[in-house]
Amino acid sequence: MLRSLVGSEMCIRDRYQRRVRGEASLAMSLRAKIMVVGPKQSGKSAISDFLATQRESPKESYDPTAGVRIQEFEMNAPGKSPHSEGPRIGVELWDVSGDFVKYQQTWPAIQVDCDGCLFVAEAETLQSKSTEISDKWFRELVLQTVNPGQVTICAHSASATDRNQFPDCRLPSELPDMTLYKTSLNYPEGKQGIQDCFNQLLAAVATSVAEKRDRREEAIMQGGQ
């Protein structure tokens, strides 16, 4: 399911309140809110569509996100071993506009009750945008919202047609030590990189969400005694 919330903090907060009410009625289920963030034209919407099984290949033209788009889907979190599955989890994927000059005022509402972050940077411009990535995105948004253990990073290329053509890139030294996944929708290994990056994130998020759910249920039980 795809929904778009354009620029209105009140609208986003209303969306969050409905989500809380939904969680209350499904106390035993797991739900996670994951924001997808990064600079403009980095591939956030293409990756979000791929994860939500809306699209297998990139769009032919660039269509900038206005505010935030929300993709909703369910999947099994990865299990503790390569051949096992974890719990079923409902995912809200919040695809956030990369135009922070225009939409930064919506960040506080987007941050509310966020469980994880998928960060997407364009591989070809990762080095040239390192200051923007570390100072603006990570310092002001990502690390103000979630713990580093609940963040994964894609270096995404819309132009590479195989892994031999993938640009040489590395993370800014100012960022926490984490794996950089090289991703693309143009070849199988690139698509697998997207899935591997998200699986790592979802495994960490599922653990955190389950712990929060257990604490809420314990508090409810104690309150009823």
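I began with the rings and found that ring pairs link Phe100, Trp107 and Trp137 into a cluster; rings of Phe, Tyr and Trp (its six-membered ring) pair if their centres lie within 6.5 Å, with planes under 30 degrees apart counted as stacked, over 60 as edge-to-face and the rest as tilted. The model is predicted, with local features needing pLDDT of at least 70 and side-chain atom pairs counting only at pLDDT 80 or more, while totals for chains, interfaces and linings use all residues. I number residues from 1 along each chain as its sequence is written, and side-chain values use heavy atoms, leaving out hydrogens and water.

My search of the whole structure returned four aromatic pairs. One of them is phenylalanine 73 with phenylalanine 198, tilted at 6.3 Å centre to centre and 50° between the planes. I noted that phenylalanine 73 sits in strand β3 (residues 68–78) and phenylalanine 198 in helix α6 (residues 188–223), 125 residues apart; helices (H or I, at least four residues) and strands (E, at least two) are DSSP runs, numbered from the N terminus. Both phenylalanine 73 and phenylalanine 198 are buried, where buried means under 20% relative accessible area, exposed over 50% and partly exposed in between (1.4 Å probe, protein chains only).

I then looked up phenylalanine 100 and tryptophan 137, an edge-to-face pair at 5.9 Å centre to centre and 85° between the planes. Tryptophan 137 is buried, its relative accessible area being 0%.

Last, I checked lysine 33, which lies over the face of tryptophan 94 at 4.0 Å from the ring centre; the criterion is NZ of Lys or CZ of Arg within 6 Å of the ring centre and within 35 degrees of the ring normal.
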